[in-house]
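Subject: Structure handover

Hello,

Here is the structure for your files. My notes on it follow below.

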Amino acid sequence: MTEPRRRRVTLMVGRVESIAAAICLTVFAGGLIAMSCTLSSNEASQNGLKVTRSFPSGHHHADAASPKDGDPDHSLGGAKELVVASMNIAACQPSQSAPPGWNESNSTAALRGILLGLDADVIALQECPGGARWARDHFPGYNVLGATYSHADQVILLVRDGLKSPSAPSGERAVTGLPAVIAELELGSRNSLLVASVHLEPFERGDRKRQSQMRSLLDIADSKSSPILILGDTNMRDTEDEAMEDELGLQDIWKLAGQRDESRFTWDTMDHRNEIEGVFNRYYGSGTRQYQRRYDRMYFHGANKAKMEGKPTFELIANHPMTSNLDFLSDHFGMTSRFSLSFLSE
Ligand SMILES: *[C@@H]1O[C@H](CO)[C@@H](O)[C@H](O)[C@H]1NC(C)=O
Ligand SMILES: *[C@@H]1O[C@H](CO)[C@@H](O)[C@H](O)[C@H]1NC(C)=O
């Protein structure tokens, strides 16, 4: 079969007379479970236009009364604004510094509150304790675009609801051996963006493998001449930046956002308690090894089709302690970004 089977989901958006954007999703999955992908049957049974919210800017609560409101597409010169988030949630296992009586359900509820509170368009998760079904149960308002195994639990990609599912059975394309779930978002009739949730090869010695995994993702994007956004726990060390940026041509969103120190480390198990309001993510109890890394990243590759308009934002999430200054929800912090993409016309 030369043409990959694909699932196409068409979404009509928005306000009544605004035609807004039609969003199509084409979903690919890495690996085994791949996409039982996943629009639930009651969603599938809905017909006609599922009018929900405008995309991609419906999260602009604050903009509701702004002049932009008159623009059904909320597009400025063809720019599309997106809010994305990603986090390695450590299988929702309680920190060893959590109090007695705090269990996986408590961690799950807290994580879900933080993630849903972002009102993001795309949520990429790593180390999920369950697959598509788990995600569906915990993330109302989102479509689960796929789940696949990595070396540690499951990688999941969620995209904001508002999608009308096709009546035809879905097809999917496995991306052999990649710990990634990838979906294509069509933003408007001609613009599309690939989005990937990834959990790349671990350990320092995994650097070559990580490079080849990233290269494989870019090959997929190349084959579709599509820009791509890669979100997740890349397990990367700073020494790998050059390969990502200079060899593969990826743009690091944390750097585009101004590489601020406050959002540098998505892993910080240093004891900061000697600082003002200092904390210590003592996730592994007395066995916690103290170090900092920028394991988790957001990368963009425009493929000469799209570019970041202005400066994206980049913030850490779940980087505040819970019940004490030692108690955090994961060994990783999550990250979120808001950015505008402008698609270059042909
Ligand atoms: C964990 O959640 C339950 C409710 O699901 C709650 O009753 C309990 O107090 C929570 N535990 C802690 C330590 O907060
Ligand atoms: C967590 O504790 C609550 C009681 O506080 C209990 O109802 C729930 O089933 C427990 N969850 C897990 C996953 O053990």
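**Strand 6 and its neighbours**

Strand 5 (residues 142-149) pairs with strand 6 in the antiparallel sense, over seven bridges. Two strands are taken as paired if DSSP finds at least two bridges between them; strands (E, at least two residues) and helices (H or I, at least four residues) are DSSP runs, numbered from the N terminus. This is a predicted model, in which local features need pLDDT of at least 70, side-chain atom pairs count only at pLDDT 80 or more, and totals for chains, interfaces and linings use all residues. Residues are numbered from 1 along each chain as its sequence is written, chains are lettered from A and ligands numbered from 1 in the order in which they are written, and side-chain values use heavy atoms, with hydrogens and water left out.

Ala124 has Leu157 of strand 6 as its bridge partner.

Why is strand 6 described as largely enclosed by the rest of the structure? Seven of the seven residues in strand 6 (residues 154-160) are buried, so the rest of the structure largely encloses it. Buried means under 20% relative accessible area, exposed over 50%, and partly exposed in between (1.4 Å probe, protein chains only). In a regular strand, side chains alternate between the two faces of the sheet. Both faces of strand 6 are covered: Gln154, Ile156, Leu158 and Arg160 are buried on one side, and Val155, Leu157 and Val159 on the other.

**Ligand 1**

The residues around ligand 1 are Pro99, Pro100, Gly101, Trp102 and Asn106, counted as near if a heavy atom lies within 4 Å. A polar side-chain atom of Asn106 is 2.3 Å from an oxygen atom of the ligand, and a polar backbone atom of Gly101 is 3.2 Å from a nitrogen atom of ligand 1. On its own ligand 1 has 360 Å² of accessible area, and the protein covers 35% of this. Accessible areas come from the Shrake-Rupley method with a 1.4 Å probe; for residues, only the protein chains shown count as cover.

**The chain overall**

The chain has 17 strands and six helices. Of its 346 residues, 57% are buried.

Regards

How values were computed:
A polar contact is a pair of N or O atoms within 3.5 Å; within protein, one must be able to donate a hydrogen and the other to accept it, and residues adjacent in sequence count only if both atoms are side-chain atoms.
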